[in-house]
Amino acid sequence: MLLKLALKSVISRRSSLVIVIFISFAVCLFCLANAVFDSTEQGVQTNYIASFTGDFIIRPVSKSQQSLFGDETPVTGELTVLNTLVPYENISETLLQMPEVEGITGQVSGAAMVERSDGANRSATYVFGVEGEPYISLMKSIHILRGAPYLHGERGAMLCRQVAEKLDVDVGSTIQFIVSDGPNYKIRAATVTAVFEYDIYNEIFGRFIIADPITVRSLLGITEVFSLEDYDLGEENTNLFSENNDFEDFDDLFSDATDYSEALTTEENEEETNNSTTDSTNIESENQISESTSWNYIIVRLKEGQNTKHLMKKVSRILKKNDWPVQVADWRHAAGSTALYLFWMRKIFNIGIVIVLSAGFIIVNNSLVINILDRTREIGTLRAIGAKKRFISLQCMIENIILTLTSGVLGVISGTICTHLINKANIVLNNSFLVQLFGSEAIKVYVNSENVLKLFILVLALALLGWIYPVINALKVSPIDAIQGAK
């Protein structure tokens with residue numbers, strides 16, 4: 001009965017059509033704006049995650065703003081020394097045991113100058129020290145054009161096509177990295193083992209070069225630390241003062257020592273020295289090929305369909321529970337200032353759209369208010385024939401809900417049609433900034449269910465706002481005054 005009366009009242013009034021058209025237009029614009037900005041956010045996120053940031057990273061706790069490029073605090077002064085992850089083995093083992101994790105890879109980072117072996121085409125760059133094959137397997141956006149990733153323990157570097165063209169090098173060429181070390185310089189050379197390209201190139205991808213971690217650690221002066229599990233020293237070597245030894249005290253260790261005025265060198269000694277040097281070199285080589293635990297970051301990739309935010313919270317709780325001095329950072333903070341800059345640019349554009357549409361919704365709300373205030377005489381008549389205040393209030397509320405929900409449905413349908421037409425037009429972007437902003441070379445927008453739900457919540461809020469104030473004022477007027485035309 002009540003719904004039927006409200007529906008007849010809405011259909012019989014001419015103002016209803018104007019209100020529906022106005023609200024539908026506002027909802028359509030809001031739906032289209034959200035679709036554009038959500039699609040650009042998703043495009044940039046997908047591109048960065050699949051190219052170098054992973055879904056999230058684990059980094060040492062730091063007071064400064066840290067990304068995969070290092071300290072990005074906008075101040076002048078000495079460069080911040082990046083800490084290594086401790087305990088790396090425990091953290092990586094914990095991550096790999098999670099069923100949601102597809103894989104992880106360690107990374108060491110640092111700033112350096114890069115040039116060809118002849119000193120030409122020098123430019124500033126960041127060096128990412130990672131294991132070649134595991135890194136490429138996790139970064140789905142990277143496609144090898146020529147060559148192959150360097151192997152575990154092998155020295156080498158991989159360049160994207162744009163950087164290779166800038167340096168004028170190719171697979172097999174030698175490049176060298178230069179880092180200032182006080183008054184001196186450290187120079188390390190690496191052979192280009194692969195040239196690759198990204199699905200969608202972004203200027204930030206040309207800021208770094210991928211190299212083997214041994215070279216990067218040596219370049220940056222990071223001490224190699226290896227797991228004790230890699231070595232079996234034996235009890236006789238770890239306990240020199242056990243009961244089986246014949247030494248009565250510490251001085252007995254040097255009881256056979258003799259002073260010499262000069263070094264004695266014989267052919268036998270020289271041969272032993274050479275053998276010792278060779279053995280030492282072999283041991284050092286084996287150490288470098290073994291798993292080092294000296295990493296600045298751990299990059300984490302999740303399996304398809306996983307809730308990244310939920311898993312980040314779960315990992316944070318584990319890290320905090322174990323009291324490990326590390327923290328979790330999402331892909332945007334891993335990418336650094338460039339990604340944050342694009343994020344805030346989109347936010348500013350979105351805020352501008354919201355301001356414009358808010359003005360439109362204020363007008364819509366006023367229309368709903370006026371629509372009820374103009375019915376003061378009708379409300380008074382209904383009260384004069386015995387209608388209760390609750391009945392009148394519910395009827396007005398249902399009328400507003402019918403108007404706004406109808407408008408919301410029409411607006412969402414119109415917005416979906418507009419997004420389909422935009423996608424069908426296949427608008428290609430040539431401006432590099434717009435490509436970075438939208439995360440792709442073509443504009444692709446989609447309306448998702450979350451935005452549709454938000455829009456319907458918004459129109460229902462409009463219905464309530466346009467109902468409460470005018471109904472309260474109309475019900476305050478006595479039936480006699482209302483019938484006489486009181487406003």
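**View 1. A salt bridge joins Glu165 and Arg161.** In this predicted model, the N to O distance between the two side chains is 3.4 Å. A salt bridge here is a side-chain nitrogen of Lys or Arg within 4 Å of a carboxyl oxygen of Asp or Glu. Both residues belong to helix H5 (residues 161–167), 4 residues apart, so about one helical turn separates them. Helices (H or I, at least four residues) and strands (E, at least two) are DSSP runs, numbered from the N terminus. Glu165 is exposed at 53% relative accessible area, and Arg161 is partly exposed at 30%. Buried means under 20% relative accessible area, exposed over 50%, and partly exposed in between (1.4 Å probe, protein chains only).

Residues are numbered from 1 along each chain as its sequence is written, and side-chain values use heavy atoms, with hydrogens and water left out. The model being predicted, local features need pLDDT of at least 70 and side-chain atom pairs count only at pLDDT 80 or more, while totals for chains, interfaces and linings use all residues.

**View 2. Lys140 and Glu102 form a salt bridge.** The N to O distance is 3.2 Å. Lys140 sits in the loop between helix H4 (132–138) and strand S6 (142–147), and Glu102 in strand S4 (residues 101–116), so the pair ties together parts 38 residues apart in sequence. Lys140 is partly exposed, at 43% relative accessibility. Glu102 is also partly exposed, at 37%. The whole structure holds 9 salt bridges.

**View 3. Glu115 and Arg122 meet in a salt bridge.** Their side chains come to 2.8 Å, N to O. Glu115 is buried, with a relative accessible area of 3%. Arg122 is exposed, at 51%. A salt-bridge network links Arg116, Asp118 and Asp168.

**View 4. Asn121 and Asp323 have positive phi.** Most residues other than glycine have a negative phi. For Asn121, phi is near 60 degrees. Asn121 lies in the loop between S4 and strand S5 (123–129) and is partly exposed, at 35% relative accessibility. Asp323 has a phi of about 60 degrees. Its loop runs between helix H9 (308–321) and strand S12 (326–330). Asp323 is exposed, at 67%.

**View 5. A cis peptide bond joins Val86 and Pro87.** Omega is about -5 degrees. Pro87 is in the loop between strand S3 (70–71) and helix H3 (88–96).

**View 6. Helices H2 and H13 pack together.** H2 spans residues 15–53, and H13 spans residues 389–425. Their axes are 7 Å apart, at an angle of about 45 degrees. Axes are lines fitted to C-alpha atoms, for helices over the stretch in contact, and angles run from 0 to 180 degrees between N-to-C directions. The two helices are therefore oblique to each other. Angles under 35 degrees count as roughly parallel, over 145 as roughly antiparallel, 65 to 115 as roughly perpendicular and the rest as oblique. Gly415 is in H13 and is buried, at 0% relative accessibility. The C-alpha atoms of Gly415 and Cys31 are 5.6 Å apart, across 384 residues of chain.
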